[in-house]
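Welcome, and thanks for opening this model. Please take a look at the sequence and the fold, and then let us walk through the packing, the pocket and the charged pairs together.

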Amino acid sequence: VLEKSLNTGAVFAAQKLGLEEFKRYVEAFGFGHKTEIDLCGEDAGNITSLNDTNPVYLATASFGQGITTTPIQLVRAYAAMANEGKLMEPYVVEKIVKKDGTIVEEKKPKIVGQVISPQSSKLIKSMLVSAVNNGYGKLARVPGYLVEGKTGTAQVADLEHGGYSSD
C-alpha cells in the first residue's frame, strides 16, 4: 500500500480498524486540534467528516481526503512514528536570552502522548524505508542513508467553485 500508493489498500485497512478506532488514532496523532506551537495564526485542521457514519468519509479520510491538516501537524505525526510513538509538543524558539546571559524563557522537549507502541513505530519505519527503496519514492533515496517516505497524489481544493481544481 505504501510502496505503490494504493488508496484501495488504505480504505481496506481503515475498514478493518473501524470508524471509531480510526478516528481515535487521527485525534491521538493531534489532527483536528491546534498543536499550540509558539507561532501565531495556527489552525486546527478539520476532521469533522469523521463524525458522520457514512462509510465514504472513513474511506476518503483513510488516504487523506475529506479531512484537512496543517504542515506542523503532519510533521509532528511523522516524527511520532519515527520517535517510538511519542507525540511531542512542537516549538520554534528553544530559549530567549537577555544580553547579560539571563535566560528569560526556555523550552524543553515535552512528550504529550504515546500514540503507538515502540514496536509499531519500528514496523512503520521499515515500511516507509521500503516505500523509498522499493516503491515509487526511489528518487528520494540518498546513498548511505535510510530514507523514510510516502508517495502519493494530491488534489487542490477549488475554493471558488467547490470540489477540486483541475490544475
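Leucine 50 touches Leu19, Phe22, Lys23, Val26, Tyr57, Leu58, Ala61 and Ile67, leaving out residues up to four places away in sequence; a contact here means heavy atoms within 4.5 Å. Before going further, please note that this is a predicted model, in which local features need pLDDT of at least 70 and side-chain atom pairs count only at pLDDT 80 or more, while totals for chains, interfaces and linings use all residues. Residues are numbered from 1 along each chain as its sequence is written, and side-chain values use heavy atoms, with hydrogens and water left out.

Which residues touch the most other members of the largest nonpolar core? They are Phe22, Val26, Phe29, Phe31, Ile47 and Leu50, out of 17 residues in that core. Helices α2, α3 and α4 each supply at least two residues of this core. A nonpolar core is a set of buried Ala, Val, Leu, Ile, Met, Phe, Trp, Tyr and Cys residues joined through side-chain atoms within 4.5 Å. Buried means under 20% relative accessible area, exposed means over 50%, and partly exposed lies in between, using a 1.4 Å probe and protein chains only. Helices (H or I, at least four residues) and strands (E, at least two) are DSSP runs, numbered from the N terminus.

## Helix α3 and what follows

In α3, the buried residues include Leu58, Ala59, Ala61 and Ser62. Helices α1 and α2 are among the elements that cover the buried residues of α3. Just after α3, glycine 64 takes a positive phi of about 95°.

## The largest pocket

The largest pocket has a volume of about 2,000 Å³. Its lining has 47 residues, and Ala61, Ser62, Phe63, Gly64 and Lys150 lie nearest the centre. On a 1 Å grid over the protein atoms alone, where a 1.4 Å probe fits, a pocket is an open set of points with protein on both sides within 12 Å along at least five of seven lines, and lining residues have an atom within 4 Å of a point. Grid points are joined across faces, edges and corners, and the volume is the space filled by probe spheres set on the points.

Which helix gives the largest share of the lining of the largest pocket? That is α1, with six residues. At least two lining residues come from each of α1 (7-17), α2 (19-28), α3 (55-62), α4 (71-82) and α5 (118-134). By class, the lining has 29 nonpolar, 16 polar and two charged residues. In this count, Ala, Val, Leu, Ile, Met, Phe, Trp, Tyr, Cys and Pro are nonpolar, Asp, Glu, Lys and Arg are charged, and the others, Gly among them, are polar.

## Salt bridges

How many salt bridges does a search of the whole structure find? It finds six, each being a side-chain nitrogen of Lys or Arg within 4 Å of a carboxyl oxygen of Asp or Glu. In one of them, glutamate 21 pairs with arginine 24, with the closest N and O atoms 2.8 Å apart. These two are three residues apart in helix α2, so about one helical turn separates them. Glutamate 21 is partly exposed at 29%, and arginine 24 is partly exposed at 41%.

Glutamate 89 forms a salt bridge with lysine 107, the closest N and O atoms being 3.7 Å apart. This pair links distant parts of the chain, 18 residues apart: glutamate 89 sits in the loop between β1 (86-88) and β2 (95-97), and lysine 107 in the loop between β3 (103-106) and β4 (111-114). Glutamate 106 pairs with lysine 108, with 3.4 Å between the closest N and O atoms. Glutamate 106 is partly exposed at 34%, whereas lysine 108 is exposed at 54%. Salt bridges that share partners join Glu89, Lys107 and Lys110 into one network.

## Backbone angles and a loop residue

Most residues other than glycine have a negative phi, and most peptide bonds are trans. Serine 5, in the segment before α1, has a positive phi of about 50°. Glutamate 84, in the loop between α4 and β1, has a positive phi of about 60°.

Aspartate 43 is found in the loop between α2 and α3 and is partly exposed at 49% relative accessibility. Beyond its neighbours within four places in sequence, aspartate 43 is in contact with Lys34, Thr70 and Gln73.
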